[in-house]
Structures are given as C-alpha cells and as structure tokens.
Amino acid sequence: MSGAPPLAVVGNPEGRRVRLFQDAARAAGLPRPRVVPWLDVLRGGARFHPGELVRLDSPGEEPEVDRLLRGVPEPTRVEGTGRWYARFTAAVHGLAAGVRTAGAVLLGDPDELAVLFDKRLGHGRLLAAGVPVPHAPTSGPAAPPVRGWDDVRALTAGQGMRRVFVKPAHGSSASGVLALERAASGRTQATTSVELDADGRLHNSLRVRRYTTEREVAALVDALAPDGLHVERWVPKASLGGRAADLRVVVVDGRATHAVVRTSRSPMTNLHLGGARGDLDAARAAIGAAGGRFADALDVCERAAAAFPGTRCVGVDLLPATGWRRFAVGEVNAFGDLLPGLTGLPGSGAEGLDTYAAQLAGYLRTPRPTGTSTP
C-alpha cells in the first residue's frame, strides 16, 4: 500500500503482540512496522522518526522489562504493582514527549493510560459517564485508601457487602485478585490464584485455591495493600453450560468489533486460570431468551470505551448478571486485544479481520494525534 505513513510499535520484540501486529501489516501490504523495544524506552535509548505513527503496546511477557518496572527479582511475585504503575506511567509520558519532539504521532493518550491502569480511577470514570458498574466503595480519586484487612472489613461491613472482589489497583490478568466472601457468622474465605509462601511473599499460580480462615485472608490483604487496592461488589454472573460466564468485547474506534465468551467454574474466568472460551451464539441466544438484544450488550461496551476517547482500542470486560437481563462493566483494559485468531463480529466492519488488523485499518483511515484525557 503506497502513501501509508511509516509505522512503529513500542513493544517487546519477541512478544506475541508485536508479531501479530506485524502480521497484520504484512497482510495489508504494508512495510514491516519498526519495533521500539520497551527495554530501550526504560533505559532512555528509544528514538522516533518524523512522520511515524507510533503504536504503544503492552510491556508484558518480557522478564527484564517486568523486573525494571516492578523492581522484584522473581517474575512470579505479585507484589510491586504500585511501583510498576509509577514507573510505567512515567515512561509513557517520557515516551510521548520524545514522539512529539521527533514530529511523530503517538496513537494513544498517556493520561488515559494512567486512568486505565488504576482500577479505582477507571471505575470512577465509568461511573461518572453513566456506565453500569458494580458498586465500589473505592471508586474515584476521592475514595479512601485501603491500608489493609481492617479497612476492607470496615468498608464492606458498613455497606452490607458480603461478597466482593478485592483487586490490586494496578494489577492485570487477575494477578492478586481475591474473591472474598464473609458470612453473617463472620466466617471468611477467599478464592484466588495467589500462593502465600512460608516467608509471607505472594506468588502467582495457575491453580485457583481457597483460603478459609480470616487469619489467612487478612495476611493476603495486608501484603497486597501497600500497592493499592480496589474493592467492588461481586456481581453474580450468568451461567452458560453450568459455568459462570462473562464477555471480553474489543472496541476499536468506538465500535464493538470482536467478542469472546469466557466461562469458568471459579470466580475468575481468565483463560490461563482454567477458564475456557464459550459459545458466543449460545450467549446471544440466552440474551434473546431473556428478552434482551445482543446489540444492547455491545452498546454498554461502546459507552464504556467512549469514556476514554483518546484510546483507540480497549478490551471491555462485560459482566452479564444472573438471567442475562442486565449487564455491568467489570473493567476496561488498555491492552485487552490479545485474542489470536478471533475475527470481527458480523456487521462490525471488522469481518474477517483479527483485532490487530482491525486497529491497523483504523489507523490508516484516520490517524489521530495524541488526545487529551477527559477529566
């Protein structure tokens, strides 16, 4: 394709995301996008060229990048997300300045990324925009900080919240998430993929486990709290084939283009934690049988994406409540587009395109400069 602006992608050169974006460029007949490694960004060696469109991709899946951002030597460790957030957002703002100075165009908004990577701020942004979200006593910039288990217990008891998710404010991929239940008797348990070792350190595990004493749960929460915590009501999810179900919906340039159903027997539906892709047609049928329309569910996701107008692609976690009649948005993910092999929804304009090809088509239609975050 002649006349297209040169493309650069900030990512990890050996990562799947960079490869999929390069594959999309090749399929579109474009030159191979130049890769600007995250390691170069973090070490101050990144350079950009005049006229480039610069895509910002996830710094994940690269141990040395993770070590530089989180400052912990073991990649399995859960702690360090607060440090990760501070260093990541600072790096993105520095990168954006370098892009501007070079006369290139950054395809993203650094201020919005800072909101998207803080679950408390993201929740507050969605709430202010009128998007349905689970109730959360930690929503928005004015919410009280959670300093440990005593705060979680006080916040949830005062609002009658017996079942909540406790999430690291800057976590991803369900790392550090606790599905917490407290009975009227005071009995407490948490379901999570976090493994607490004998020295009190937290590790990610691929096995979802249950902690059944308040002492254990308190130890987990107290260890997670220094990085920041978000607490929100645990919305009972609809089921599909006897498994809890939610949807990841990718919205590109304001339009819901790709959707996948995720099902699980545990509260977390993440595929790496034992979740499985569900049948999207069955979900459509369930919504229809409940008197709703799939288009209305997608509309909720597009409204959520519209709260971040400077971010051209997001992955929205859509929570269908029991009965498939109501929907809420669990999270909006800045890098929620890693769905290899999934092609666009009928009528979305992305039919036959994966999420990367759909974004690339949008870049070529309307390259936009870095936007300004909506307060």
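**View 1. Helix H1 passes helix H11 in a right-handed crossing.** In such a crossing the near helix is turned clockwise from the far one by less than a right angle. This is a predicted model, in which local features need pLDDT of at least 70, side-chain atom pairs count only at pLDDT 80 or more, and totals for chains, interfaces and linings use all residues. Residues are numbered from 1 along each chain as its sequence is written, and side-chain values use heavy atoms, with hydrogens and water left out. Helices (H or I, at least four residues) and strands (E, at least two) are DSSP runs, numbered from the N terminus. H1 (residues 16-27) and H11 (residues 355-365) pack at an angle of about 55°, their axes being 9 Å apart. Axes are lines fitted to C-alpha atoms, for helices over the stretch in contact, and angles run from 0 to 180 degrees between N-to-C directions.

**View 2. Asp337 lies in the loop between strand E15 (327-333) and H11.** Asp337 counts as buried because its relative accessibility is 3% (buried means under 20% relative accessible area, with a 1.4 Å probe and protein chains only). Leaving aside residues up to four places away in sequence, Asp337 touches residues including Arg17, Tyr356 and Gln359 (contact means heavy atoms within 4.5 Å).

**View 3. Five strands form an open antiparallel sheet in the order E8-E7-E6-E5-E9.** Two strands pair if DSSP finds at least two bridges between them. The edge strands, E8 (202-211) and E9 (229-233), each pair on one side only. Within the sheet, Glu181 has Gln189 in E7 as its bridge partner.

Note on methods:
Buried means under 20% relative accessible area, exposed over 50%, partly exposed in between (1.4 Å probe, protein chains only).
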